[in-house]
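Here's a quick tour of one protein model, meant to be read with the structure open beside you.

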Amino acid sequence: MRYPQGGGLTDAERAARERVRRQAVTRFEAGEKNREIAAALRVSERSVERWRRQWRENGHAGVASKGSPGRPRPSEAQMARLERELERGPLAHGWTDQRWTLARVKTVIGRLFHVSYTVEGTWRLLRRYGWSWQQPARRAIERDDDAVEPVEAGGVAAGKSTAAANGAWVVFEDEAGQSVTPPRARTWGRRGSTPVVRVRGRGSGRVSMAGMTCYKSGERSRLIYAIREYRGRKDDPKGFGWKNYRDLIIRARTQLGGPIVLVWDNLRMHLVAPLREFFEANTDWLTVFQLPTYAPDLNPQEGIWSLVKREIGNLAAANLAEITRAVKRKLKMLQYRPEAIDGCLAGTGLSLSK
């Protein structure tokens, strides 16, 4: 039988081990052979042979369990040192973001004390000393608007009907942005004490993202996106203009190879006159529906942004270029994962079949 290292046995595991030894003693007294006992108890013959020797020399007491064969628990001094190192944060130990994962804590324990813990043993150790998996706080507070008005899908349902009638792709579009200050992600910290991640208080610039999740029955779901950086320079556009949206729609038509039913929100730039004229001039392959006001939860592209920002959570970026590289890397990965894109649609409660 194998027992986990790092943190010792649980009470249930210790009781099971003691039970096996008692059964072995009973079989010794009945005169059974080592091979038979090993097969019956599912242990090695070497263990049975050792137990028999201990039984002959010391009786029942010799076979009693001596405790967990795993790594000993760290001393109070060692645990205090480990906690000090964890409170310094992952950056001090060479990681680029500020998330303490079980694998990383396991690595730090190995570096400090030259012992090998399993991930399960690390989890038990942290829980025993009052650490838990938490959402950290920032020193710079960012406003988070959670107010979402309950609305009906309305135009979305009409868009799906139009797409089905014309054999078109249903394309959901949305925008997002990210500054040098990263989004928060969960990390291990002492229970009752919210961990704090350090973010850069200075530095201008922003990464603007525009994305399209594209769906059609019988076809692999697609993700199309565009990214641009704003570095705070004079006359540098801060985000996407109407020409950028026009070009993104044309690119989507080229890549998808068919008509498009575009579903997006009521952003002011979506409603400008040049875009309306572009829509009117291309009604043969383009139909546009507006999402209801205050209903971002109906847009699967929001799920894509959530996955992207989870990837860069607590990232200690040195500059805007590092944020841009991380965003591009995650979006490129999602393009090859149609099941993730489908999951974003399922998360909205919408379906192409209805």
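Predicted model: local features only at pLDDT ≥ 70, side-chain atom pairs only at ≥ 80, totals over all residues.

A crossing is called right-handed if the near helix is turned clockwise from the far one by less than a right angle, and left-handed if it is turned anticlockwise.

**The overall picture**

The protein has 354 residues, and 41% of them count as buried. Take the contacts with a separation of 6 or more: 74% of them come from residues 24 or more positions apart.

| Helix pair | Angle | Axis separation |
|---|---|---|
| α5 (residues 76-88) and α6 (residues 102-113) | about 125° | 11 Å |
| α2 (residues 34-41) and α3 (residues 45-58) | about 115° | 9 Å |

With an angle of about 125°, α5 and α6 are therefore oblique to each other. On the α5 side, the contact is made by Gln78, Arg81, Leu82, Glu85 and Leu86, which meet Val105, Val108, Ile109, Leu112 and Phe113 of α6. Sorted by class, that contact of α5 with α6 holds 7 nonpolar, 1 polar and 2 charged residues.

Now for the other pair: α2 also passes α3 in a right-handed crossing. Here Asn34, Arg35, Ile37 and Ala38 from α2 meet Glu45, Val48, Glu49 and Arg52 from α3. The contact of α2 with α3 splits into 3 nonpolar, 1 polar and 4 charged residues.

**A tryptophan to look at**

Is Trp188 buried or exposed? Trp188 sits in strand β4 (residues 187-190), and with a relative accessible area of 7% it is buried, because the cut-off for that is under 20%. Leaving out residues up to four places away in sequence, Trp188 touches Trp100, Thr101, Leu102, Trp123, Leu126, Arg127, Trp131, Ser132 and Trp133. Pick out Leu102 from that list: it lies 86 residues from Trp188 along the chain, yet their C-alpha atoms are separated by 8.1 Å. Leu102 also falls within the residue range of α6 (residues 102-113).

**The cysteines**

How many disulfides does a search of the whole structure find? The count is 0. As for individual cysteines, Cys214 is buried at a relative accessible area of 0%, and Cys344, at 10%, counts as buried too.

Terms used: Residues numbered from 1 in each chain as written. Heavy atoms only, no water. Disulfide = S-S within 2.5 Å. Buried < 20%, exposed > 50% of the residue type's maximum accessible area, 1.4 Å probe, protein only. Axes fitted to C-alpha atoms, helices over the stretch in contact; angles between N-to-C directions. Helix = DSSP H or I, 4+ residues; strand = E, 2+ residues; numbered from the N terminus. Parallel < 35°, antiparallel > 145°, perpendicular 65-115°, else oblique. Contact = heavy atoms within 4.5 Å. Nonpolar A, V, L, I, M, F, W, Y, C, P; charged D, E, K, R; others polar.
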